[in-house]
Amino acid sequence: MNNYGIEGTERFESPSRGRGLRALRHFAVGELVFVCPAYSSVLTVTERGAHCEHCFTRKEDLSKCGKCKQAYYCNVDCQRGDWSMHKLECSAMCASGENWCPSETVRLVARMIMKQKTTTERTPSERLFLLREFESHLDKLDSEKDEMIQADILALHHFYSRHISDLPDNQSLSELFAQVNCNGFTIEDEELSHLGSAVFPDVALMNHSCSPNVIVTYKGTVAEVRAVTEINPGEEVFNSYIDLLYPTEDRRERLLDSYFFTCQCTECTTKSKDKAKMVTRKLSTPSKPEEIEQMIQYAKNVIEEFRRAKHYKTPSELLEMCELSMEKMATVFGDTNVYMLHMMYQAMGVCLYMQDWDGAMTYGEKIIQPYSVYYPAYSLNVASMYLKLGRLYLGLEKKTQGLKALQKALAIMEVAHGKDHQYVAEVKHEIEEQK
Ligand SMILES: C[S@@+](CC[C@H](N)C(=O)[O-])C[C@H]1O[C@@H](n2cnc3c(N)ncnc32)[C@H](O)[C@@H]1O
Ligand SMILES: [Zn+2]
Ligand SMILES: [Zn+2]
Ligand SMILES: [Zn+2]
């Protein structure tokens with residue numbers, strides 16, 4: 001195993017967390033801990049034409065696949081490099097037209113199966129942790145999760161059986177989907193827009209903490225892991241699996257539901273930020289505990305309802321949903337309560353989509369302060385919010401505010417993405433242009 005090790009780290013048995021990653025030396029804030037190329041990756045359908053299907057590079061003038069006219073590439077090399085995977089979809093997309101609609105997970109799993117068929121040796125993505133070693137928690141799945149996996153398997157057969165001869169049996173496929181559900185990654189851009197899904201086995205070796213000491217960012221389809229706190233020799237390397245905005249109970253619920261464990265990190269045991277995150281409105285007669293509890297339930301329901309509504313409601317209907325729910329929540333919650341912030345973030349997204357720049361800016365301004373308190377010091381959520389806000393300000397010719405926001409984004413990104421990242425260069429360029 002040592003021959004394959006990642007310099008400066010080692011795989012170990014982490015007490016009560018299964019296998020994990022441990023530092024063998026000191027890492028400073030911003031230092032690269034390791035990189036991991038994707039074992040398999042898939043570009044999300046809505047980003048076709050904006051990013052290369054193979055290497056995820058964002059640029060103009062990509063060339064179209066002449067056959068399906070749906071996949072776009074940097075050049076012939078990328079097109080050739082992707083063909084063994086794209087051929088699974090190219091002719092099927094032509095034949096089925098609008099009826100071609102496998103989920104992103106199904107598309108990713110099809111690629112993983114194809115890669116497993118053609119790879120016998122340990123890949124550069126598996127220096128410490130092999131794909132076939134992934135935890136599946138198959139024995140813990142409830143009927144709802146099991147049904148979702150069975151639906152994915154049906155879709156895999158439907159869309160890919162003609163192109164992958166002898167698909168694995170149902171049991172193996174169930175395990176593979178369950179493994180992807182708890183070890184897979186999504187790739188986002190600097191504003192946290194979704195670009196695609198991928199598997200990075202060595203990155204999946206890291207366990208979760210709500211106060212992580214590393215952040216994962218992406219250079220195309222390569223994952224980069226950088227320290228965001230000092231890490232000393234012997235310390236476990238922790239990544240965060242979830243959005244850290246929410247209070248302990250919500251984070252634990254989410255981790256238990258998706259990853260089958262109860263987090264025991266310092267944030268979860270001290271709950272140090274919960275009180276601020278759940279702040280209530282200052283009233284002459286304060287809300288009763290049962291009123292607060294009811295409003296929390298309302299907030300959780302409305303968050304779920306909104307998530308579903310995004311697929312069928314119009315932008316103005318969505319915006320109305322945000323405003324009405326915030327009005328109702330404001331009778332009990334303070335303006336910086338995380339459930340209020342959640343709906344403001346959604347409203348900002350809708351405004352951006354509608355090109356209502358003033359509306360988006362107003363929401364962004366309300367969000368940014370509490371965000372920088374609730375998230376850890378180096379957070380991609382905070383960086384992306386400063387970035388969106390900075391770009392909005394500059395678009396609205398508010399130069400001073402724009403520069404200030406972009407500088408804040410840059411300070412985080414230089415640590416999280418590294419000083420030589422394309423995103424960092426682009427933000428620097430946007431700042432320079434104003435001078
Ligand atoms: C991506 S894997 C990480 C590697 C894993 N420990 C293993 O041995 O395969 C995610 C799984 O690791 C475990 N895990 C991750 N973080 C944990 C934590 N903070 N406490 C307990 N278990 C954790 C859970 O079983 C979770 O489903
Ligand atoms: Zn490319
Ligand atoms: Zn094609
Ligand atoms: Zn935790």
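Predicted model: local features only at pLDDT ≥ 70, side-chain atom pairs only at ≥ 80, totals over all residues.

**Notebook: zinc sites and helices**

I began with Cys268, which is buried because its relative accessible area is 1%; buried means under 20%, exposed over 50% and partly exposed in between, with a 1.4 Å probe and protein chains only.

Residues are numbered from 1 along each chain as its sequence is written, chains are lettered from A and ligands numbered from 1 in the order in which they are written, and side-chain values use heavy atoms, leaving out hydrogens and water.

Next I asked which protein donors hold the zinc ion (ligand 4). I found Cys210 (SG), Cys263 (SG), Cys265 (SG) and Cys268 (SG), lying 2.3 Å from the ion. Donors here are N, O and S atoms within 2.8 Å of the metal (3.2 Å for Na, K and Ca); water is not among the atoms, so sites may look incomplete. Along the chain the spacing reads C-x52-C-x1-C-x2-C. I call the arrangement tetrahedral because the four donor atoms subtend angles of 104 to 115°; for four donors, that term needs all angles between 85 and 135 degrees. The ideal tetrahedral angle is 109.5 degrees. Cys265 counts as buried too, at 11% relative accessibility.

Cys65 and Cys68 are both buried.

On to the helices (DSSP runs of H or I, at least four residues, numbered from the N terminus). I saw that α12 (residues 338–353) packs on α13 (residues 357–374) at about 145°, with axes 9 Å apart; axes are lines fitted to C-alpha atoms over the stretch in contact, and angles run from 0 to 180 degrees between N-to-C directions. The contact (heavy atoms within 4.5 Å) includes Leu341, Met344 and Tyr345 of α12 and Trp357, Tyr363 and Ile367 of α13.

Last, I checked Ser316, which lies in helix α11 (residues 315–329). Ser316 is partly exposed, with a relative accessible area of 46%.

Notes:
Tetrahedral: all angles 85-135°; square planar, octahedral: opposite > 155°, others 65-115°. Helix = DSSP H or I, 4+ residues; strand = E, 2+ residues; numbered from the N terminus.
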